[in-house]
Amino acid sequence: VFDGLEIFNLIKNYPGEVTTKLTGLAASMASYIALAGDKITAEANAVYMIHNAQGVGIGDHNDLRKTADILASLSSLFAQAYSAKTGKPVEEIAAMMNEETYLYGSEIKDAGFVDEIIGEPSTDKATACALALARVSACDETVKKIADADSTSKIAALIGELPKVNTPGVAG
């Protein structure tokens with residue numbers, strides 16, 4: 001937690017414009033660190049998770065109460081930051097943290113944790129297919145440019161040596 005606070009502050013205090021990008025899972029302290037950006041984006045398949053601060057306590061009942069108080073104060077600190085970003089009341093954010101809330105893709109933006117979702121899948125099947133075909137063609141062209149006859153033969157030989165995988169619904 002404390003290393004994460006320092007990372008957050010280093011990013012937040014950077015004098016330039018900072019965009020934080022959620023490209024996979026932003027969970028626990030990473031969900032807080034992401035808030036340090038001036039702009040926050042998430043991939044359409046990103047996952048965002050918030051929960052209460054966690055820690056380990058050792059000692060007698062006084063030590064454990066002290067640890068619990070520290071964790072409660074840290075959770076409150078994080079809830080305030082999440083609230084400031086989303087515009088949601090602190091109580092609502094605290095409830096989300098109590099539940100260990102996961103948000104997926106556009107849910108992250110809908111909840112107000114990010115400013116933009118990038119890489120949203122096309123709802124137009126023809127456009128998606130055309131884009132996929134263009135990318136495959138670009139890959140083919142790149143392979144043709146960098147491959148020589150010797151490497152192509154080696155790759156073909158390796159492919160021929162791979163065991164066949166029986167995938168239901170896929171011929172070959």
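Select Val-1, Phe-2 and Ile-70, which form a nonpolar patch on the surface with about 280 Å² of accessible area together. Patches are made of residues with over 30% relative accessible area and no salt bridge, and nonpolar side chains (Val, Leu, Ile, Met, Phe, Trp, Tyr) are joined within 5 Å; a salt bridge is a side-chain nitrogen of Lys or Arg within 4 Å of a carboxyl oxygen of Asp or Glu. Areas come from the Shrake-Rupley method with a 1.4 Å probe. This is a predicted model, in which local features need pLDDT of at least 70 and side-chain atom pairs count only at pLDDT 80 or more, whereas totals for chains, interfaces and linings use all residues. Residues are numbered from 1 along each chain, and side-chain values use heavy atoms, without hydrogens and water.

Phe-2 is exposed, at 57% relative accessible area (exposed is over 50%, buried under 20%, partly exposed in between).

Next, select Leu-22, Tyr-32, Tyr-48, Phe-78, Tyr-82, Ile-108 and Phe-113, the residues with the most contacts inside the largest nonpolar core, which has 30 residues. Such a core joins buried Ala, Val, Leu, Ile, Met, Phe, Trp, Tyr and Cys residues through side-chain atoms within 4.5 Å. Helix α3 gives the largest share, five residues (helices are DSSP runs of H or I, at least four residues; strands are E, at least two).

Show the surroundings of Ile-108: beyond its neighbours within four places in sequence, its contacts (heavy atoms within 4.5 Å) include Leu-22, Tyr-48 and Phe-113.

Finally, move to Thr-41 in strand β3. Thr-41 is buried, at 4% relative accessible area.

Conventions
Buried means under 20% relative accessible area, exposed over 50%, partly exposed in between (1.4 Å probe, protein chains only). Patches are made of residues with over 30% relative accessible area and no salt bridge: like charges are joined within 9 Å, nonpolar side chains (Val, Leu, Ile, Met, Phe, Trp, Tyr) within 5 Å.
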